[in-house]
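Dear colleague,

I am handing over a structure that you have not worked with before, and I would be glad if you could look through it alongside the notes below.

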Amino acid sequence: MTEVHNKIIMDSGNIITDLFNRGRPVRVCAPMVRYSKLAFRCLVRKYDCDLCFTPMIIAADFMRSAKARDSEFTTNKTDRPLIVQFAAKDAQTLADAACVVSPFSDGVDLNCGCPQRWAVSEGYGACLINKPELVKDMVRHVRNQIDKPNYAVSIKIRIHKDVRKTVDLCQKAEAAGVSWITVHGRTSDERHQPVHYDAIKTIKDSLSIPVIANGDIKSLQDVEATYALTGVDGVMAARGLLANPAMFAGYEETPLQCVWDWVDIAVEHGTPFSCFHHHLIYMLERITSQPERRVFNNLSSTSAVIDFLHNTYGST
């Protein structure tokens, strides 16, 4: 499972606790289907990202198949601190999956926020915010079955229209031993509506554990503004990091050095072309002209992409 073929077994120690004691909000790369894989995590870590999540992994499939474990979860010794996010709907399956990945990671996160119809209809993701007792049970199971006292167990949620219900869910999870909670400041019905920073602040003020804010973080200024509005302990970005993996280092748009870093890392990791290319499409969107984008988006090989980059931008 992974470059875990190297058997990189480390104790998380107090690595996560230390993150939350730095005197500034923790900068977090969100779990993104197809995108927050090992190569991209290596890239954002070069540019001041403090903590990375894997893409969401369905715990039942992960436990059912060795092939799924090998393809879904890849890491290496520099990929720390790392949180593995699972979609699960019963406590034992989540605990079993957590036990498999715990030697190679610093924590697991239960997805209680994915609003996609397939996930909710299967009993995963955002429907769990309406099942606080189940969430509590799942957190407890993982806590009881992993023999690493500093191993993090977290949840990522969306909010209810009535924020009191969200506070109740979070307080129950806190009582069960959750390490922190990531709050996407929208309801499960909302997609691009404004983030409810007031709800995130209310949740933060109701808990004694760390809270990470998520939603519409596109620059380092957004990190600071969210921190000022909510008092949270960390800020998580998704699309903002896709567009600019150097965002947390204070760059307004993707620097050329970051583009070439991605080429080197992706080639080294044997990243499939479609993933390699898609990341560059996101990164270059703000810094290429429309005619250049048209040409670039139709390229079909790694060598053609590298030639385009050299011809258009030169090397770093």
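What follows is a description of the pockets, the annotated residues, some contacts and a few backbone details.

Please keep in mind that this is a predicted model, in which local features need pLDDT of at least 70 and side-chain atom pairs count only at pLDDT 80 or more, while totals for chains, interfaces and linings use all residues. Residues are numbered from 1 along each chain as its sequence is written, and side-chain values use heavy atoms, with hydrogens and water left out.

I begin with the pockets. A pocket here is an open set of points on a 1 Å grid over the protein atoms alone, where a 1.4 Å probe fits and protein lies on both sides within 12 Å along at least five of seven lines, and a lining residue has an atom within 4 Å of a point. Grid points are joined across faces, edges and corners, and a volume is the space filled by probe spheres set on the points. The largest pocket has a volume of about 880 Å³ and is lined by 32 residues, with Pro31, Pro115, Arg158, His184 and Ala238 lying nearest its centre. At least two lining residues come from each of strand 6 (152-158), strand 9 (234-237) and helix 11 (239-243); helices (H or I, at least four residues) and strands (E, at least two) are DSSP runs numbered from the N terminus. By type, this lining comprises 15 nonpolar, nine polar and eight charged residues, where Ala, Val, Leu, Ile, Met, Phe, Trp, Tyr, Cys and Pro count as nonpolar, Asp, Glu, Lys and Arg as charged, and the others, Gly among them, as polar.

The second largest pocket has a volume of about 450 Å³, and of the 22 residues that line it, Arg34, Lys37, Thr271, Pro272 and Cys275 are the closest to its centre. Helix 2 (38-45), helix 4 (66-72), helix 12 (256-269) and helix 13 (273-284) each contribute at least two residues to this lining, which divides into nine nonpolar, eight polar and five charged residues.

Next come the annotations. In an unreviewed entry, UniProt lists Pro31, Met32, Val33, Gln85, His184, Ala238 and Arg239 under "binding site"; the positions are given in the numbering used here, feature names are shortened, and annotations may be inferred rather than shown by experiment. Of these residues, Pro31, Met32, Val33, Gln85, His184, Ala238 and Arg239 are included in the lining of the largest pocket. The unreviewed entry also carries the annotation "domain: DUS-like FMN-binding" for residues 29-290, a span that is 45% helix and 14% strand, with its end C-alpha atoms 28 Å apart.

Two of the listed residues can be described further. Gln85 sits in strand 4 (residues 82-87) and is buried, at a relative accessible area of 1%, where buried means under 20%, exposed over 50% and partly exposed in between (1.4 Å probe, protein chains only). Among the residues that Gln85 touches, not counting those up to four places away in sequence, are Pro31, Phe53, Asp109 and Lys156, a contact being heavy atoms within 4.5 Å. Ala238, by contrast, lies in the loop between strand 9 and helix 11 and is partly exposed at 24%; leaving aside neighbours within four places in sequence, Ala238 is in contact with Ala30 and Met32.

Finally, the backbone. Most residues other than glycine have a negative phi, and most peptide bonds are trans. The peptide bond from Arg80 to Pro81 is cis, with omega near -5°, and Pro81 is found in the loop between helix 4 and strand 4. Asp48 has a positive phi, near 70°, and lies in the loop between helix 2 and strand 2 (51-53).

With best wishes
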